[in-house]
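Colleague: Please take me through this structure one feature at a time, giving me the general idea before the particular case.

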Amino acid sequence: MGSICIPVIDMTEDSVGQSEKIVEACREWGCFRIINHGVPPELMAEMKVATQSLMELPVEIKRRRYHPVESHGKTVVKYFEAINEQALDMGRKLGEGMGLKGDLFKDWSSQMRLNKYHFNPEFVGSCALYLHTDPGFLTILQDDEIVGGLEVVHGKTGECVHVDPMPDSLLVNLGDMATIWSNGRLTSVKHRVQCYEVKTRFSIVFFVFGPNDRATEQPPELVDSQHPRLYNPINFADYRLLRLSNNLRTGAFELLRINS
Ligand SMILES: O=C(O)CCC(=O)C(=O)O
Ligand SMILES: [Fe+2]
């Protein structure tokens, strides 16, 4: 496994040809790391600590609406705002790289999820999170900076590649909605989490799903006689249901394909 690595993109403002690099990575991989991005490393570290202590709470406390770790509330809100800004910036650059104007993700629905993996001795070598694509448009992941396990499938070759931890960076994954929206130009990345060693792994995931009030469909600029419309429009809630009801963990967009 893994003679190739996912792209790493420097988000420093003056970095040359950044939008083009983003689009290229989204076409070939649907997955890349970003460095020098807008989420401060101290906030990432604080959020990791908050995640650890929130995930360690007993279930009966987690179920209650209010719990005694209110001090983490501020960190979570701050992190959400920073990562949301990062996502909006990514949306703008991705749109720009595709030759479009405007804010791609403005007012779209999003969600944050905290993951904790108990890698016990009996799990070593097995799969902790099954192979899947994310159903939404784009995911920004703070993966564990020490404990690896994430693997992605290279869109072009089908090769399964280790994603090694890289402190202070964030990972961007494209989901199925990006494939539908882009008329098949952008790749939704298949990925999974494997247990390599006896450790506890945390990840903090921010999902951008799709527009709240309308279906996701291809912008007119991405459709022409050379590139006829490939997929019927669908809103995110209906799409998620379509995936679930057909048990299609690596994407249900083929069910939306327009037969020409
Ligand atoms: O934990 C990870 O690194 C990946 C999590 C993930 O793929 C997901 O929550 O959809
Ligand atoms: Fe995922």
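Colleague: To begin with the side chains, are W108 and F137 buried or exposed?

Modeller: A residue is called buried under 20% relative accessible area, exposed over 50% and partly exposed in between, using a 1.4 Å probe and protein chains only. By that scale W108 is buried, and F137 is buried too. This is a predicted model, in which local features need pLDDT of at least 70 and side-chain atom pairs count only at pLDDT 80 or more, while totals for chains, interfaces and linings use all residues. Residues are numbered from 1 along each chain as its sequence is written, chains are lettered from A and ligands numbered from 1 in the order in which they are written, and side-chain values use heavy atoms, with hydrogens and water left out.

Colleague: How many aromatic pairs are there, and how are the rings of W108 and F137 placed?

Modeller: A pair of aromatic rings is described by the distance of the centres and the angle of the planes. Rings of Phe, Tyr and Trp (its six-membered ring) pair if their centres lie within 6.5 Å, and planes under 30 degrees apart count as stacked, over 60 as edge-to-face and the rest as tilted. By this rule there are nine aromatic pairs. W108 and F137 make an edge-to-face pair, because their planes stand at 70°, with the ring centres 5.4 Å apart. The two residues are 29 residues apart, W108 being in strand β3 (residues 108-118) and F137 in the loop between β4 and β5 (138-142), so that this pair links distant parts of the chain.

Colleague: Which charged residues lie over the faces of F209 and Y130?

Modeller: A charge sits over a ring if NZ of Lys or CZ of Arg is within 6 Å of the ring centre and within 35 degrees of the ring normal. R240 lies over the face of F209, 5.0 Å from the ring centre, and R249 lies over the face of Y130 at 3.7 Å from the ring centre.

Colleague: In what order do the four strands of the open sheet follow one another?

Modeller: Strands of a sheet pair through backbone hydrogen bonds, either parallel or antiparallel. Strands (E, at least two residues) and helices (H or I, at least four) are DSSP runs numbered from the N terminus, and two strands pair if DSSP finds at least two bridges between them. Here the order is β4-β9-β6-β7, with antiparallel pairing. The edge strands, each pairing on one side only, are β4 (127-132) and β7 (160-162). Within this sheet β4 is joined by three bridges to the antiparallel strand β9 (residues 191-194), where V193 is the bridge partner of L129.

Colleague: Which strands pair with β10?

Modeller: Strand β3 runs antiparallel to β10 and is joined to it by eleven bridges, with K116 standing opposite F202. Strand β5 pairs with β10 in the antiparallel sense as well, over five bridges, and there Q142 stands opposite I204. Strand β10 (residues 200-211) is mostly covered, since eleven of its twelve residues are buried.

Colleague: Which residues hold the iron ion (ligand 2) as protein donors?

Modeller: Donors are N, O and S atoms within 2.8 Å of the metal (3.2 Å for Na, K and Ca), and because water is not among the atoms, sites may look incomplete. For the iron ion the protein donors are H132 (NE2), D134 (OD) and H191 (NE2), which lie 2.1 to 2.2 Å from it. Their spacing in sequence is H-x1-D-x56-H. H132 counts as buried at 10% relative accessibility, and D134 counts as buried at 5%.

Colleague: What does the UniProt annotation say about residues 108-210?

Modeller: Such annotations may be inferred rather than shown by experiment; their positions are given in the numbering used here and feature names are shortened. The unreviewed UniProt entry annotates residues 108-210 as "domain: Fe2OG dioxygenase". In the model this span is 6% helix and 48% strand, and its end C-alpha atoms lie 5 Å apart.

Colleague: Where does N36, with its positive phi, lie?

Modeller: N36 is not a glycine, yet its phi is about 50°; N36 lies in the loop between β2 (31-35) and α2 (41-55) and is partly exposed, with a relative accessible area of 48%. D107, likewise other than glycine, has a positive phi near 65°. D107 is found in the loop between α4 (71-97) and β3 and is exposed, at a relative accessible area of 62%.
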